[in-house]
Amino acid sequence: MKKQYETSTLGVRAGTARTEFGEHSEALFLTSSFVFENAEQAAARFSGGEGGGFVYSRFSNPTVTMFQDRLAALEGAEACVATASGMSAILATSMALLKAGDHVICSNAVFGATVQLYLTILSRFGIETTFVSPNKVEEWQRAVRPTTKLFFLETPSNPLGGVCDIAALAAVAKKAGAVLAVDNALCTPALQKPLEFGADLVIHSATKYLDGQGRVLGGAVLGSKALVDLVYGFLRTAGPTLSAFNAWVILKGMETLELRMLAQSERALEMARWLEKHPKVARVYYPGLESHPQYALAKKQQRTGGAIVSFDVKGGKEAAWKVIDSTKLISITGNLGDVKSTITHPATTTHGRITPEARAAAGIGDGLIRLSVGLEAVSDLKADLSQGLG
Ligand SMILES: *Cc1c(COP(=O)(O)O)cnc(C)c1O
(Lines give C-alpha, C1' and ligand atoms only; values in the text may rest on other atoms or scores of the structure.)
Protein backbone atom coordinates (compact mmCIF):
# COMPACT_ATOMS: atom_id res chain seq x y z
CA MET A 1 0.00 0.00 0.00
CA LYS A 2 1.09 3.60 -0.65
CA LYS A 3 3.45 4.82 2.03
CA GLN A 4 1.77 8.19 2.40
CA TYR A 5 -1.42 6.70 3.88
CA GLU A 6 -1.97 7.59 7.52
CA THR A 7 -1.92 5.06 10.37
CA SER A 8 -5.71 4.95 10.71
CA THR A 9 -6.11 4.21 7.00
CA LEU A 10 -3.44 1.50 7.01
CA GLY A 11 -5.06 -0.08 10.09
CA VAL A 12 -8.30 -0.79 8.24
CA ARG A 13 -7.01 -1.20 4.67
CA ALA A 14 -3.43 -2.45 4.45
CA GLY A 15 -2.79 -6.09 3.63
CA THR A 16 -6.30 -6.95 2.47
CA ALA A 17 -6.25 -9.54 -0.33
CA ARG A 18 -9.54 -10.65 -1.87
CA THR A 19 -10.41 -14.00 -3.40
CA GLU A 20 -12.43 -14.51 -6.59
CA PHE A 21 -15.63 -14.12 -4.51
CA GLY A 22 -14.90 -10.48 -3.76
CA GLU A 23 -15.59 -10.73 -0.02
CA HIS A 24 -15.37 -7.30 1.65
CA SER A 25 -14.21 -8.55 5.05
CA GLU A 26 -10.92 -10.46 5.04
CA ALA A 27 -11.40 -14.21 4.70
CA LEU A 28 -10.37 -16.76 7.31
CA PHE A 29 -8.53 -19.65 5.64
CA LEU A 30 -8.91 -22.57 8.02
CA THR A 31 -6.86 -25.11 6.16
CA SER A 32 -3.65 -26.83 7.09
CA SER A 33 -2.60 -27.49 3.50
CA PHE A 34 -3.18 -26.33 -0.08
CA VAL A 35 -3.97 -28.41 -3.16
CA PHE A 36 -1.80 -28.47 -6.30
CA GLU A 37 -2.97 -28.88 -9.88
CA ASN A 38 -0.39 -31.55 -10.60
CA ALA A 39 2.87 -33.07 -9.43
CA GLU A 40 4.93 -30.51 -11.28
CA GLN A 41 3.21 -27.61 -9.52
CA ALA A 42 3.65 -29.38 -6.16
CA ALA A 43 7.37 -29.75 -6.82
CA ALA A 44 7.67 -26.08 -7.85
CA ARG A 45 5.77 -24.84 -4.78
CA PHE A 46 7.85 -26.95 -2.40
CA SER A 47 11.03 -25.58 -3.86
CA GLY A 48 9.76 -22.03 -3.31
CA GLY A 49 9.01 -21.33 -6.96
CA GLU A 50 5.69 -20.38 -8.62
CA GLY A 51 5.72 -16.91 -7.05
CA GLY A 52 5.68 -18.44 -3.57
CA GLY A 53 2.24 -20.09 -3.74
CA PHE A 54 0.79 -21.61 -0.59
CA VAL A 55 1.85 -25.08 0.48
CA TYR A 56 1.19 -25.76 4.15
CA SER A 57 0.07 -23.44 6.98
CA ARG A 58 3.24 -23.95 9.01
CA PHE A 59 5.01 -22.23 6.08
CA SER A 60 2.38 -19.61 5.24
CA ASN A 61 -1.37 -19.04 5.07
CA PRO A 62 -3.32 -16.28 3.26
CA THR A 63 -4.98 -14.93 6.44
CA VAL A 64 -1.62 -14.87 8.24
CA THR A 65 -0.09 -13.11 5.22
CA MET A 66 -2.77 -10.40 5.42
CA PHE A 67 -1.96 -9.88 9.11
CA GLN A 68 1.78 -9.67 8.31
CA ASP A 69 1.25 -7.19 5.47
CA ARG A 70 -1.01 -4.95 7.55
CA LEU A 71 1.42 -4.85 10.47
CA ALA A 72 4.40 -4.25 8.14
CA ALA A 73 2.58 -1.27 6.62
CA LEU A 74 1.83 0.14 10.07
CA GLU A 75 5.43 -0.23 11.31
CA GLY A 76 6.89 0.98 8.02
CA ALA A 77 8.81 -2.31 7.76
CA GLU A 78 10.01 -4.03 4.62
CA ALA A 79 8.99 -7.44 5.97
CA CYS A 80 7.03 -9.10 8.78
CA VAL A 81 6.70 -12.65 10.00
CA ALA A 82 3.95 -13.76 12.39
CA THR A 83 4.52 -16.02 15.38
CA ALA A 84 2.34 -18.01 17.78
CA SER A 85 2.93 -15.55 20.65
CA GLY A 86 5.14 -12.66 21.70
CA MET A 87 7.53 -15.04 23.41
CA SER A 88 7.88 -17.18 20.28
CA ALA A 89 8.74 -13.97 18.38
CA ILE A 90 11.61 -13.35 20.82
CA LEU A 91 12.67 -17.02 20.76
CA ALA A 92 12.60 -17.17 16.93
CA THR A 93 14.63 -13.97 16.66
CA SER A 94 17.24 -15.35 19.06
CA MET A 95 17.40 -18.76 17.37
CA ALA A 96 17.74 -17.14 13.96
CA LEU A 97 20.49 -14.68 14.86
CA LEU A 98 22.52 -16.44 17.56
CA LYS A 99 24.71 -19.50 17.97
CA ALA A 100 26.73 -21.00 20.82
CA GLY A 101 29.41 -18.57 21.94
CA ASP A 102 27.41 -15.48 21.03
CA HIS A 103 26.59 -12.69 23.45
CA VAL A 104 23.41 -10.66 24.01
CA ILE A 105 23.02 -7.32 25.77
CA CYS A 106 19.52 -6.99 27.20
CA SER A 107 17.80 -4.23 29.11
CA ASN A 108 17.10 -5.27 32.72
CA ALA A 109 13.61 -3.77 32.40
CA VAL A 110 12.04 -6.24 29.96
CA PHE A 111 9.09 -8.61 30.21
CA GLY A 112 9.65 -11.27 32.92
CA ALA A 113 9.55 -14.23 30.52
CA THR A 114 12.13 -12.53 28.28
CA VAL A 115 14.58 -12.45 31.20
CA GLN A 116 13.83 -16.13 31.92
CA LEU A 117 14.36 -17.06 28.25
CA TYR A 118 17.85 -15.55 28.11
CA LEU A 119 18.84 -16.45 31.67
CA THR A 120 17.63 -20.04 32.01
CA ILE A 121 17.00 -21.42 28.51
CA LEU A 122 19.31 -19.84 25.92
CA SER A 123 22.17 -19.95 28.46
CA ARG A 124 22.00 -23.78 28.23
CA PHE A 125 22.89 -23.47 24.54
CA GLY A 126 26.00 -21.39 25.14
CA ILE A 127 24.43 -17.98 24.62
CA GLU A 128 25.48 -15.50 27.27
CA THR A 129 23.43 -12.44 28.23
CA THR A 130 24.47 -9.29 30.05
CA PHE A 131 21.64 -7.28 31.62
CA VAL A 132 22.11 -3.50 31.72
CA SER A 133 20.20 -0.38 32.76
CA PRO A 134 17.90 0.63 29.91
CA ASN A 135 18.58 4.34 30.26
CA LYS A 136 22.37 4.30 30.68
CA VAL A 137 23.80 4.20 27.15
CA GLU A 138 27.36 3.95 28.56
CA GLU A 139 26.46 0.64 30.29
CA TRP A 140 25.44 -0.85 26.92
CA GLN A 141 28.66 0.49 25.42
CA ARG A 142 30.80 -1.05 28.21
CA ALA A 143 29.04 -4.44 27.90
CA VAL A 144 29.98 -4.86 24.22
CA ARG A 145 32.21 -7.86 23.41
CA PRO A 146 33.59 -9.09 20.08
CA THR A 147 30.90 -11.81 20.26
CA THR A 148 27.97 -9.43 20.87
CA LYS A 149 25.32 -10.12 18.21
CA LEU A 150 22.07 -8.78 19.65
CA PHE A 151 20.84 -5.77 21.67
CA PHE A 152 17.35 -6.30 23.12
CA LEU A 153 15.13 -3.71 24.78
CA GLU A 154 11.57 -2.76 25.53
CA THR A 155 10.38 0.85 25.58
CA PRO A 156 8.46 1.98 27.49
CA SER A 157 9.20 -0.82 29.91
CA ASN A 158 6.67 -2.85 31.82
CA PRO A 159 5.66 -2.11 34.59
CA LEU A 160 7.64 1.06 35.36
CA GLY A 161 7.37 2.91 32.04
CA GLY A 162 11.13 3.48 31.68
CA VAL A 163 12.00 4.95 28.27
CA CYS A 164 15.09 3.87 26.27
CA ASP A 165 16.79 6.15 23.75
CA ILE A 166 16.34 4.02 20.62
CA ALA A 167 18.47 6.25 18.33
CA ALA A 168 21.40 6.38 20.79
CA LEU A 169 21.36 2.62 21.34
CA ALA A 170 20.99 1.98 17.60
CA ALA A 171 24.25 3.86 17.10
CA VAL A 172 26.04 1.78 19.76
CA ALA A 173 24.64 -1.47 18.31
CA LYS A 174 25.68 -0.51 14.78
CA LYS A 175 29.22 0.23 15.88
CA ALA A 176 29.34 -3.11 17.67
CA GLY A 177 28.06 -4.92 14.57
CA ALA A 178 25.01 -6.10 16.51
CA VAL A 179 21.30 -6.14 15.67
CA LEU A 180 19.02 -3.90 17.77
CA ALA A 181 15.63 -5.47 18.52
CA VAL A 182 12.91 -3.38 20.16
CA ASP A 183 9.84 -4.92 21.80
CA ASN A 184 7.08 -2.47 20.79
CA ALA A 185 4.18 -4.30 22.47
CA LEU A 186 3.26 -1.46 24.81
CA CYS A 187 3.13 1.38 22.28
CA THR A 188 2.31 -0.42 19.02
CA PRO A 189 2.94 1.40 15.72
CA ALA A 190 -0.04 3.64 16.46
CA LEU A 191 2.16 5.45 19.00
CA GLN A 192 5.79 4.57 18.19
CA LYS A 193 7.73 3.29 15.18
CA PRO A 194 11.14 2.02 16.40
CA LEU A 195 12.47 1.44 12.86
CA GLU A 196 12.29 5.22 12.25
CA PHE A 197 14.74 5.70 15.13
CA GLY A 198 17.23 3.16 13.78
CA ALA A 199 16.11 -0.15 15.30
CA ASP A 200 16.83 -3.18 13.09
CA LEU A 201 13.96 -5.34 14.31
CA VAL A 202 10.62 -4.71 15.98
CA ILE A 203 9.09 -7.44 18.14
CA HIS A 204 5.40 -7.70 19.00
CA SER A 205 3.21 -9.53 21.41
CA ALA A 206 0.03 -9.21 19.32
CA THR A 207 -1.75 -10.68 22.35
CA LYS A 208 -1.80 -7.21 23.84
CA TYR A 209 -2.94 -4.07 22.01
CA LEU A 210 -2.92 -5.40 18.42
CA ASP A 211 -5.80 -7.74 19.35
CA GLY A 212 -6.85 -5.29 22.04
CA GLN A 213 -9.66 -7.39 23.39
CA GLY A 214 -7.81 -10.13 25.25
CA ARG A 215 -8.93 -12.98 23.00
CA VAL A 216 -5.97 -14.73 21.41
CA LEU A 217 -2.18 -15.06 21.54
CA GLY A 218 0.03 -13.93 18.72
CA GLY A 219 3.30 -12.24 17.89
CA ALA A 220 5.43 -10.85 15.08
CA VAL A 221 8.95 -9.87 14.05
CA LEU A 222 9.49 -6.97 11.62
CA GLY A 223 12.46 -5.40 9.86
CA SER A 224 14.48 -5.74 6.67
CA LYS A 225 13.65 -8.66 4.38
CA ALA A 226 17.13 -10.10 4.93
CA LEU A 227 16.73 -10.27 8.72
CA VAL A 228 13.08 -11.33 8.70
CA ASP A 229 13.89 -14.14 6.21
CA LEU A 230 16.32 -15.58 8.77
CA VAL A 231 13.58 -15.55 11.44
CA TYR A 232 11.11 -17.09 8.96
CA GLY A 233 13.62 -19.85 8.21
CA PHE A 234 13.59 -20.89 11.87
CA LEU A 235 9.78 -20.62 12.21
CA ARG A 236 8.99 -22.61 9.07
CA THR A 237 11.12 -25.49 10.30
CA ALA A 238 10.62 -25.32 14.06
CA GLY A 239 6.90 -24.53 13.98
CA PRO A 240 5.82 -21.73 16.37
CA THR A 241 3.87 -19.94 13.61
CA LEU A 242 0.64 -18.00 14.03
CA SER A 243 -2.62 -19.88 13.52
CA ALA A 244 -4.94 -18.57 10.79
CA PHE A 245 -7.77 -18.12 13.26
CA ASN A 246 -5.67 -15.99 15.61
CA ALA A 247 -4.32 -13.99 12.67
CA TRP A 248 -7.88 -13.24 11.57
CA VAL A 249 -8.95 -12.12 15.06
CA ILE A 250 -5.90 -9.83 15.38
CA LEU A 251 -6.33 -8.50 11.83
CA LYS A 252 -9.83 -7.35 12.79
CA GLY A 253 -8.54 -5.97 16.12
CA MET A 254 -5.98 -3.85 14.25
CA GLU A 255 -8.78 -1.98 12.48
CA THR A 256 -9.52 -0.13 15.73
CA LEU A 257 -5.88 0.01 16.90
CA GLU A 258 -5.27 3.72 16.50
CA LEU A 259 -8.66 4.71 17.91
CA ARG A 260 -8.15 2.49 20.94
CA MET A 261 -4.55 3.56 21.57
CA LEU A 262 -5.47 7.24 21.51
CA ALA A 263 -8.62 6.85 23.63
CA GLN A 264 -6.92 4.58 26.18
CA SER A 265 -3.87 6.90 26.37
CA GLU A 266 -6.13 9.88 27.03
CA ARG A 267 -7.81 8.04 29.91
CA ALA A 268 -4.41 6.85 31.21
CA LEU A 269 -3.06 10.40 31.31
CA GLU A 270 -6.12 11.56 33.25
CA MET A 271 -5.75 8.66 35.71
CA ALA A 272 -2.00 9.38 36.11
CA ARG A 273 -2.65 13.05 36.88
CA TRP A 274 -5.33 12.13 39.42
CA LEU A 275 -3.16 9.48 41.10
CA GLU A 276 -0.19 11.88 41.27
CA LYS A 277 -2.26 14.20 43.46
CA HIS A 278 -3.77 11.45 45.61
CA PRO A 279 -2.58 11.59 49.27
CA LYS A 280 -2.31 7.76 49.50
CA VAL A 281 -0.10 7.49 46.41
CA ALA A 282 3.67 7.85 46.90
CA ARG A 283 4.73 7.88 43.22
CA VAL A 284 3.30 7.52 39.73
CA TYR A 285 5.22 6.00 36.79
CA TYR A 286 3.82 7.22 33.48
CA PRO A 287 5.94 8.53 30.57
CA GLY A 288 3.21 11.02 29.61
CA LEU A 289 3.58 12.95 32.89
CA GLU A 290 5.86 16.01 32.93
CA SER A 291 7.31 14.65 36.20
CA HIS A 292 8.57 11.45 34.47
CA PRO A 293 12.41 11.50 34.32
CA GLN A 294 12.40 10.74 30.56
CA TYR A 295 9.38 12.83 29.61
CA ALA A 296 11.27 14.70 26.86
CA LEU A 297 12.61 11.48 25.32
CA ALA A 298 9.17 9.85 25.50
CA LYS A 299 7.72 12.87 23.74
CA LYS A 300 10.30 12.53 20.96
CA GLN A 301 9.71 8.79 20.40
CA GLN A 302 6.05 8.30 21.30
CA ARG A 303 2.85 10.01 20.22
CA THR A 304 1.33 9.65 23.73
CA GLY A 305 2.40 8.16 27.07
CA GLY A 306 0.58 4.90 26.32
CA ALA A 307 -2.07 3.25 28.47
CA ILE A 308 -0.10 1.61 31.30
CA VAL A 309 0.02 3.56 34.55
CA SER A 310 1.91 2.15 37.52
CA PHE A 311 1.93 3.66 40.99
CA ASP A 312 3.31 3.05 44.49
CA VAL A 313 0.75 3.22 47.25
CA LYS A 314 1.79 4.18 50.77
CA GLY A 315 1.69 1.17 53.13
CA GLY A 316 3.42 -1.52 51.05
CA LYS A 317 1.92 -4.85 50.04
CA GLU A 318 -1.00 -4.71 52.48
CA ALA A 319 -2.18 -1.35 51.15
CA ALA A 320 -1.64 -2.42 47.52
CA TRP A 321 -3.61 -5.65 47.98
CA LYS A 322 -6.41 -3.65 49.67
CA VAL A 323 -6.70 -1.38 46.62
CA ILE A 324 -6.76 -4.39 44.28
CA ASP A 325 -9.23 -6.40 46.36
CA SER A 326 -11.61 -3.45 46.75
CA THR A 327 -12.15 -3.03 43.00
CA LYS A 328 -15.50 -4.14 41.62
CA LEU A 329 -15.05 -3.08 37.99
CA ILE A 330 -11.37 -3.36 37.08
CA SER A 331 -10.30 -6.98 36.38
CA ILE A 332 -7.64 -8.55 38.60
CA THR A 333 -5.56 -10.30 35.94
CA GLY A 334 -2.05 -10.51 34.57
CA ASN A 335 -2.93 -9.46 31.04
CA LEU A 336 -2.65 -5.92 29.73
CA GLY A 337 -3.60 -4.03 26.60
CA ASP A 338 -7.29 -4.91 26.78
CA VAL A 339 -10.23 -2.49 26.35
CA LYS A 340 -11.21 -3.71 29.83
CA SER A 341 -8.99 -2.11 32.48
CA THR A 342 -6.86 -4.59 34.41
CA ILE A 343 -4.97 -4.32 37.70
CA THR A 344 -1.91 -6.29 38.82
CA HIS A 345 0.44 -6.47 41.83
CA PRO A 346 3.78 -7.07 40.02
CA ALA A 347 5.84 -8.02 43.11
CA THR A 348 3.68 -11.11 43.81
CA THR A 349 2.61 -12.02 40.27
CA THR A 350 4.48 -11.10 37.07
CA HIS A 351 7.73 -10.50 38.98
CA GLY A 352 7.09 -13.00 41.80
CA ARG A 353 9.62 -15.55 40.52
CA ILE A 354 12.66 -13.27 40.65
CA THR A 355 14.57 -12.78 43.93
CA PRO A 356 13.56 -9.92 46.28
CA GLU A 357 17.01 -8.36 45.63
CA ALA A 358 16.57 -8.45 41.85
CA ARG A 359 13.07 -7.05 42.29
CA ALA A 360 14.35 -4.18 44.41
CA ALA A 361 17.14 -3.51 41.87
CA ALA A 362 14.50 -3.30 39.15
CA GLY A 363 12.57 -0.78 41.27
CA ILE A 364 9.55 -3.02 41.79
CA GLY A 365 8.42 -2.38 45.34
CA ASP A 366 5.77 -4.15 47.44
CA GLY A 367 3.43 -1.18 47.16
CA LEU A 368 3.56 -1.07 43.36
CA ILE A 369 0.32 -1.49 41.37
CA ARG A 370 0.15 -1.73 37.56
CA LEU A 371 -2.99 -0.42 35.95
CA SER A 372 -3.68 -1.14 32.29
CA VAL A 373 -6.24 1.51 31.38
CA GLY A 374 -9.05 0.39 29.09
CA LEU A 375 -12.03 2.16 27.62
CA GLU A 376 -14.26 2.56 30.67
CA ALA A 377 -15.21 6.10 31.77
CA VAL A 378 -12.46 7.74 33.83
CA SER A 379 -14.99 8.68 36.54
CA ASP A 380 -15.89 4.99 36.99
CA LEU A 381 -12.22 3.97 37.13
CA LYS A 382 -11.45 6.64 39.73
CA ALA A 383 -14.44 5.56 41.84
CA ASP A 384 -13.33 1.92 41.61
CA LEU A 385 -9.80 2.68 42.83
CA SER A 386 -11.04 5.11 45.49
CA GLN A 387 -12.77 2.27 47.37
CA GLY A 388 -9.45 0.78 48.45
CA LEU A 389 -7.31 3.93 48.40
CA GLY A 390 -9.61 5.53 51.00
C1 LIG B 1 3.14 -9.99 26.97
C2 LIG B 1 4.42 -9.51 26.53
C3 LIG B 1 5.33 -10.36 25.91
C4 LIG B 1 5.06 -11.82 25.68
O5 LIG B 1 3.99 -12.01 24.80
P6 LIG B 1 3.06 -13.32 24.78
O7 LIG B 1 2.15 -13.05 23.63
O8 LIG B 1 2.38 -13.41 26.10
O9 LIG B 1 3.95 -14.48 24.54
C10 LIG B 1 6.54 -9.83 25.49
N11 LIG B 1 6.83 -8.53 25.68
C12 LIG B 1 5.98 -7.68 26.28
C13 LIG B 1 6.35 -6.26 26.47
C14 LIG B 1 4.74 -8.14 26.74
O15 LIG B 1 3.91 -7.30 27.36
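1. In this predicted model, strand β1 pairs with strand β7 (residues 219-223) through five bridges, and the two run antiparallel. Within that pairing, Cys80 stands opposite Leu222 in β7.

2. Strands β1 and β7 belong to an open sheet of seven strands, in the order β1-β7-β6-β5-β4-β2-β3 and with mixed pairing. The edges are taken by β1 (79-83) and β3 (128-132); each has a single partner strand, so one side of each is left without a neighbour in the sheet. From one strand to the next the twist averages 20°.

3. Helix α3 (residues 62-75) lies across β1, β6 (201-205) and β7, and its direction is at about 130° to β1. Helix α5 (residues 112-121) also packs on the sheet, where it touches β2 (103-107), β3 and β4 (148-154); the angle between α5 and β3 is about 140°.

4. Strand β9 (residues 308-313) deserves a separate point. Six of its six residues are buried, so β9 is largely enclosed by the rest of the structure. The cover extends to both faces: Ile308, Ser310 and Asp312 are buried on one side, and Val309, Phe311 and Val313 are buried on the other.

5. Which strands does β9 pair with? Strand β8 (residues 281-285) is joined to β9 by four bridges, running antiparallel, and Arg283 has Asp312 in β9 as its bridge partner. Five bridges join β9 to strand β12 (residues 368-372), again in an antiparallel arrangement. In that pairing Phe311 stands opposite Ile369 of β12.

6. The domain assignment divides the protein chain into domain 1 (7-254) and domain 2 (257-389). Their C-alpha centres are 27 Å apart. Domain 1 contributes 33 residues to the contact and domain 2 contributes 37 residues.

7. The size of an interface is often given as the accessible area lost when the parts come together. Here the area buried between domain 1 and domain 2 is about 2,900 Å², with carbon and sulfur atoms giving 59% of it. Leu160, Leu191 and Tyr209 supply 27% of the area that domain 1 buries against domain 2, more than any other three residues. The count of salt bridges between domain 1 and domain 2 is zero.

8. Helix α9 (residues 244-253) has seven of its 10 residues buried, so α9 is largely enclosed by the rest of the structure. The buried residues are Ala244, Asn246, Ala247, Val249, Ile250, Leu251 and Gly253. Among the elements that cover them are α3 and α10 (257-277).

9. The structure holds 11 salt bridges. One of them is formed by Glu26 and Arg70, whose closest N and O atoms are 2.8 Å apart. Glu26 lies in the loop between α1 (7-13) and α2 (39-46), and Arg70 lies in helix α3, so the pair ties together parts that are 44 residues apart in sequence. Are these two residues buried or exposed? Glu26 has 6% relative accessibility and counts as buried; Arg70, at 0%, also counts as buried.

10. A salt bridge also joins the side chains of Lys99 and Asp102, at 3.4 Å from N to O. Lys99 has a relative accessible area of 52% and is exposed, whereas Asp102, at 4% relative accessibility, counts as buried.

11. Glu258 and Arg303 form a salt bridge with their closest N and O atoms 2.8 Å apart. The pair links distant parts of the chain, 45 residues apart: Glu258 is in helix α10, while Arg303 is in the loop between α11 (295-301) and β9. Glu258 is buried, with a relative accessible area of 16%, and Arg303, at 45% relative accessibility, counts as partly exposed.

12. Finally, salt bridges that share partners join Glu26, Arg70, Lys252 and Glu255 into one network.

Technical notes
Residues numbered from 1 in each chain as written. Predicted model: local features only at pLDDT ≥ 70, side-chain atom pairs only at ≥ 80, totals over all residues. Heavy atoms only, no water. Pairing = 2+ DSSP bridges. Axes fitted to C-alpha atoms, helices over the stretch in contact; angles between N-to-C directions. Contact = heavy atoms within 4.5 Å. Buried < 20%, exposed > 50% of the residue type's maximum accessible area, 1.4 Å probe, protein only. Domains from an automatic or database assignment. Buried area = accessible area lost by both parts, 1.4 Å probe. Salt bridge = Lys/Arg side-chain N within 4 Å of Asp/Glu carboxyl O.
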